[in-house]
Amino acid sequence: MKKARIITDRHYIKGEVDKNIFGSFTEQLGRCIYEGIYEPDSKFADEDGFRCDVIDLVRELDVPIIRWPGGNFVSGYNWEDGIGPKESRPARLELAWGVTEDNQFGIDEFATWCKKVEADPLVAVNLGTGTPEDARRLVEYCNHPSGTALSDLRIKHGYKEPHGIKYWCLGNEMDGPWQIGHKTAYEYARVANETAKVMKWVDPSIKLVACGSSGLWMKTFGEWEVTVLDECYDNVDYISLHTYYGNQAKDTPSFLANTVGFNDFIKAVISICDYVKAKRHSRKDIMLSFDEWNVWYHSHNVHFEKWSKHPHQLEDHYNFEDALLVGGMLISLINNCDRVKIGCLAQLINVIAPIMTNKDGAFRQTTFWPFAQASKYGRGTALDLRIDCPKYDAKNYTDVPILDAAAVANDEKETISLFIVNKDLAEDVEVTCDLRQYEGYRVKESTELVSDDLLATNWFNDEKLRPTKTDNAAIDGGILTAVLKPASWNVIILKKQA
Ligand code: AHR
């Protein structure tokens, strides 16, 4: 059995976890919206045409913020196509994904659905084909109370109260040549700043996310962020990061080692933000919005009929090892909570998603579980851990720790939640953690997500992979000892005894 030590001091804290790091993303893509969120003909539909079974699962995930409408989709989207009587809404060729969009779901439906799932909307504006004026008009339509043409139009459509949308993205992946209206860093920076200005003039309370790079691997990475922040620094609050990983090479140790790259990406963007801050002699910190992250590769070669309506696109069927990496990335978001303030698992339903539907029901993919548990137990203060554990070399990284771990203390509830991934595929790891500073704390519950089969999956009416309770952890004399199975996601909840 391998041995490891988690070193913690209750006074060494990383920061408060912003609940918004447990956000997600819904794009007008594939069957995410149509057949996922909105399916008026479904036996599960409520009075607004939203699927109640999906609403229940999204609530179970406890997602505090949801990004929409894209993604690549937003860069050709005219939001005014998606408002008003449904029968008058136009069908359009949707160039980002090669389908037909009939606009039966738009901003009003999204805001209504977000209320039902108790999430804040994070709305992206179109800076591909769209203009600052289009974005400004959208803020006015959504957030201005009444007495102007656009706010009164919202009221006429049945929404007397403003939607009050606080969080907005200034476009999507504008550094990518695949994007409709792709821009150079300077072209984007200028339009983003002008858009930010007028959006905030309409509603000064809103928070804005500028587009960072679509990945650490982009040739323009670094220069892009500097150029964008040089222009937009005073008018934006966050910069975005996006990344996806896959195990095409069928090399699980290297696949799981991607948490190192994920963490490096975050650290690099923090450094860039702080470089621009220093150059400007500014007192303001730019925060990070990791508003697209996930595993994505299983569905890359699936074909669909061009210009069809909501075809099966990007429907990754996740396996057990994918859940381990998702758990590792959640741990990294928690451990960087002093600067990462928004995180969006991309995506939420049917498209590279933890929730899948068909006409008869819905099921939880393997990746549902680490997300649900981190979202439920990961609210509080993240402790600044040191992890002393064996390391291994992977294809892209050396000295990869076999454990990813985070700890979140919640003083109000008098709990500590430990999240640990054991990436060792062969051996148990015995972890110890000196918790003598937390007098009276005992193990309340320990669960593990394990499988003998790294490729095991869930399916409709067959959710075999789910966390199970275990008695693998105990505190004796203030020292926690836990034995973690090979290839496992572990959540240990400690609670002060009354
Ligand atoms: O989430 C799928 C796609 O990935 C998004 O539309 C785009 O922003 C990214 O490239």
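Author: Strands here are DSSP runs of E at least two residues long, and helices are runs of H or I with at least four, numbered from the N terminus. The model is predicted, so local features need pLDDT of at least 70 and side-chain atom pairs pLDDT 80 or more, while totals for chains, interfaces and linings use all residues. Residues count from 1 along each chain as its sequence is written, and side-chain values use heavy atoms, without hydrogens or water.

Start with the barrel. Eight strands close it in the order β3-β4-β7-β8-β9-β10-β11-β12, and their pairing is parallel. (Strands pair if DSSP finds at least two bridges between them.) From one strand to the next, the twist averages 30°; axes are lines fitted to C-alpha atoms, with angles from 0 to 180 degrees between N-to-C directions. Look at β9 and β10. β9 covers residues 207-210 and β10 covers 238-245; the two run parallel and are joined by two bridges. A210 has I239 of β10 as its bridge partner.

The peptide bond from W68 to P69 is cis, with omega near 5°. Now move to the loop between β12 (340-346) and β13 (355-358), where Q347 lies. The bond from A346 to Q347 is also a cis peptide bond, with omega near 10°. Most peptide bonds are trans.

β14 spans residues 361-364, and four bridges join it to β13 in an antiparallel run. Within this pair, M356 stands opposite F363 of β14.

Next comes the open sheet. Its five strands follow the order β16-β1-β21-β25-β24, with mixed pairing. β16 (386-388) and β24 (473-476) are the edge strands; each has a single partner strand, so one side of each lacks a neighbour in the sheet. Neighbouring strands in this sheet are turned by 20° against each other on average, direction ignored.

K2 and D424 meet in a salt bridge at 2.4 Å, N to O. K2 belongs to β1 (residues 2-7), while D424 is in the loop between β20 and β21 (429-434), so the pair ties together parts that are 422 residues apart in sequence. For a salt bridge, a side-chain nitrogen of Lys or Arg must be within 4 Å of a carboxyl oxygen of Asp or Glu. By this rule there are 42 salt bridges.

D399 lies between β17 (391-392) and β18 (400-401), in the loop. Its phi is positive, about 55°, although D399 is not a glycine. Most residues other than glycine have a negative phi. K413 lies in the loop between β19 (403-410) and β20 (415-422).
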